[in-house]
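Dear colleague,

I am passing on the structure we talked about, together with some notes on its aromatic rings. Please look it over before reading on.

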Amino acid sequence: RVLATRWWAAMIELAKALPLWATHPLLSALLPRSVLSLPAGLLTLAAEETAAEPLCTLLFPALSSLAKKVRETDLRDSAGTQLLFGALVSLSSHRALCECSVAHSEWLPAAASQRLQKARDKPLEMGVDEAAEAVLALEWNSILGAFLRPSALSGTCPAVGMEAFPDMLSMSTRPAENAQQHLRVCLSALTAQLASACKNLARGEGGRDTVFGFVGAVLQVSEEREKAQYDARSVCSDALMLGLCRLLLCLAAPVSSGGASGGPDAEKLATVSASFCAPRGNPYLPLGHAPRLTQLPSAPAPATAAAAAAADSPVVGKAPKFVNSLFWLCARGLHVGLLPAWRHYAQLVTTLANASRELKSLNERNPGRGSSSSNPSPWQQPSATAPGNAGGGDVAFLQMQKTFSEKSVEVLLRAKLCADVHLLDPEAIASVGAFYAAAAQWLGALLDRREAEAESKAVVEGGERG
């Protein structure tokens, strides 16, 4: 105990002495094969024997440093990224550290929480600029936002696509498929690590509210994504939303596929309640404007202003059960996150098809000059050949158009293959199908119960009349 206490005090002094760019000493202690690494039991003992104030003094900067390092990395360094995610898992696995860490203000930055509270109070006064500030805080200044952003999407990190698919117009299909599979394996490993850390956090005091509060904030600020047209600045990006969907589906896997023969777990589904969707039915996600699956009896109008304010206040008291909250947050997340991403993907495919047709037309008009790539593209249909300039016009201008069109097709094709990593992942598609199968089973059971209640009520009323 003395050794553990002295070690923690020495770590605090070391953290003060190190420059800002250096790795935080607590992170070094959590990483394997580090000169500062400690056995798990000794680190747990050090955290348990340390008072709250010095514990937070060392822990909070370490969390901020870890999130910053995750923001600076990407999928090109898959081993390094998994090491950073592993540090979060190690930190959350120590109960004392885990319970202290949830008090960190960067889980849900103040800029986001203040603007979301304003949106709840005065939804019509929430402007695009204010929503953009909330999005910026959630994506770039929050801890979980940093761990959800690693992505293969070209709009988020173009360098990942450039390295995985360097020359699209000459790259064969097998290397492209291998690159996609490598990225999917990396994303799956990162999601499993993040899900493990979130489970550890949810077991600690206040941890479930921390995790689900962030999820609810992201879904609330991004609800405009369900519309056909919206301002991209006022909602979270596809990268973060797809990362959030992967995390929620991974957390919900025991419910959707933990039953007999890999089907839904009926016992866990029984804990899901439609009251989560009722007005003030949950503390994480206000659903005042969303369709509801429950109909509550109409209450009399509040007699006083104080009563009216109390009726509109957030839920106070016992929070919904973990599975209940997870089920509804996952359902809402897929609706706000995955479905709009598929709509963007369809637009990308349409744009790519139009660009490919334009390039084919240019090839037919100027077949005498081949593609600027040394090898024919396996991704395009071969064009018909004809002698000379079949379409007429200036050959140099046509060649310039052709070069520009080839670059456009290359960029769009690379963007499509990067999106395929997320949206055409067989494992991800199977998990989405399993969740919706579980949702259908729950909804069927709910309708059966309500039908049985209605029949029982009709029998009782008929007996009374008789």
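Is Tyr 345 buried or exposed? Tyr 345 is buried, with a relative accessible area of 10%, where buried means under 20% relative accessible area, exposed over 50%, and partly exposed in between (1.4 Å probe, protein chains only).

Please keep in mind that this is a predicted model, in which local features need pLDDT of at least 70 and side-chain atom pairs count only at pLDDT 80 or more, while totals for chains, interfaces and linings use all residues. Residues are numbered from 1 along each chain as its sequence is written, and side-chain values use heavy atoms, with hydrogens and water left out.

The structure holds nine aromatic pairs, a pair being rings of Phe, Tyr and Trp (its six-membered ring) whose centres lie within 6.5 Å, with planes under 30 degrees apart counted as stacked, over 60 as edge-to-face and the rest as tilted. One of them joins Phe 327 and Phe 435 in a tilted arrangement, at 5.4 Å centre to centre and with 40° between the planes. Because Phe 327 belongs to helix 16 (residues 322-365) and Phe 435 to helix 18 (residues 426-465), this pair ties together parts that are 108 residues apart in sequence; helices here are DSSP runs (H or I, at least four residues), numbered from the N terminus. Phe 327 counts as buried at 5% relative accessibility, and Phe 435 counts as buried at 2%.

Tyr 345 itself pairs edge-to-face with Trp 342, at 5.4 Å centre to centre and 80° between the planes. Both residues lie in helix 16, three residues apart, about one turn of the helix, and Trp 342 is partly exposed, with a relative accessible area of 31%.

Finally, ring pairs link Phe 327, Trp 328, Phe 435, Tyr 436 and Trp 442 into a cluster.

Best regards

Conventions:
Helices (H or I, at least four residues) and strands (E, at least two) are DSSP runs, numbered from the N terminus.
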